[in-house]
Amino acid sequence: MVSISAGDNRSYSEVFGDLITPPYRYNPTRHNYEIVDNVTPGEGYFVLTNSALATFRWNGNPVLVKEYHLNPGWNLIGSIHKREFNWTECEIDPPDGIVSSFYTYNPTSRRYVETNYGNYGKAYWVFALEPTT
């Protein structure tokens with residue numbers, strides 16, 4: 001699960017190069033996965049590559065602040081920060097609008113793991129109890 005943190009909407013092939021399949025995003029309104037042609041900073045995506053350790057490069061103006069609009073249920077979001085950060089540093093409205101745990105995928109163990117920290121270029125699952133920003 002990956003995200004980008006700079007630039008505008010751009011073709012996924014510009015960012016990810018050759019993938020086995022196009023990237024997917026999760027649509028929390030329809031509760032399904034959708035293939036995307038373009039990727040957007042701060043959004044989370046699933047990508048499938050030929051390599052266990054793929055490197056992606058993008059350029060553009062960094063996104064310094066991202067406001068997420070979370071729907072009730074699971075949401076897939078991306079990190080825009082260039083440093084590790086604790087999710088408790090994020091402003092959440094309403095404060096009890098989400099379950100406090102965030103999850104990311106560990107490709108080595110092939111499992112989802114709970115984390116309190118966000119990292120550059122990664123995507124995370126978060127569960128919202130109600131519409132939340």
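Visitor: Which residues does Ser101 touch, not counting those up to four places away in sequence?
Guide: In this predicted model, Ser101 touches Glu114 and Trp125 once residues up to four places away in sequence are set aside, where contact means heavy atoms within 4.5 Å. The side chain of Ser101 also makes a polar contact with the side chain of Glu114, at 2.6 Å; a polar contact is a pair of N or O atoms within 3.5 Å, of which, within protein, one must be able to donate a hydrogen and the other to accept it, and residues adjacent in sequence count only if both atoms are side-chain atoms.

Visitor: Is Ser101 buried or exposed?
Guide: Ser101 is buried, with a relative accessible area of 12%, since buried means under 20%, exposed over 50% and partly exposed in between, using a 1.4 Å probe and protein chains only.

Visitor: And what about Ser11, where is its place?
Guide: Ser11 belongs to strand β1, residues 10-11, and it is partly exposed, with a relative accessible area of 22%. Leaving aside neighbours within four places in sequence, Ser11 is in contact with Asp37 and Asn38, while its side chain makes a polar contact with that of Ser13 at 2.9 Å.

Visitor: How are those numbers and values set up?
Guide: Residues are numbered from 1 along each chain as its sequence is written, and side-chain values use heavy atoms, with hydrogens and water left out. As the model is predicted, local features need pLDDT of at least 70 and side-chain atom pairs count only at pLDDT 80 or more, whereas totals for chains, interfaces and linings use all residues.

Visitor: Zooming out, how many helices and strands are there?
Guide: The protein chain has 1 helix and 10 strands, taken as DSSP runs numbered from the N terminus (helices H or I, at least four residues; strands E, at least two). Along the sequence the pattern reads β-α-β-β-β-β-β-β-β-β-β, and buried residues make up 40% of the 133 residues.

Visitor: Changing topic, which residues lie nearest the centre of the second largest pocket?
Guide: Lys66, Glu67, Tyr68, Cys90 and Glu91 lie nearest its centre, out of a lining of 24 residues. A pocket here is an open set of points on a 1 Å grid over the protein atoms alone, where a 1.4 Å probe fits, with protein on both sides within 12 Å along at least five of seven lines, and lining residues have an atom within 4 Å of a point.
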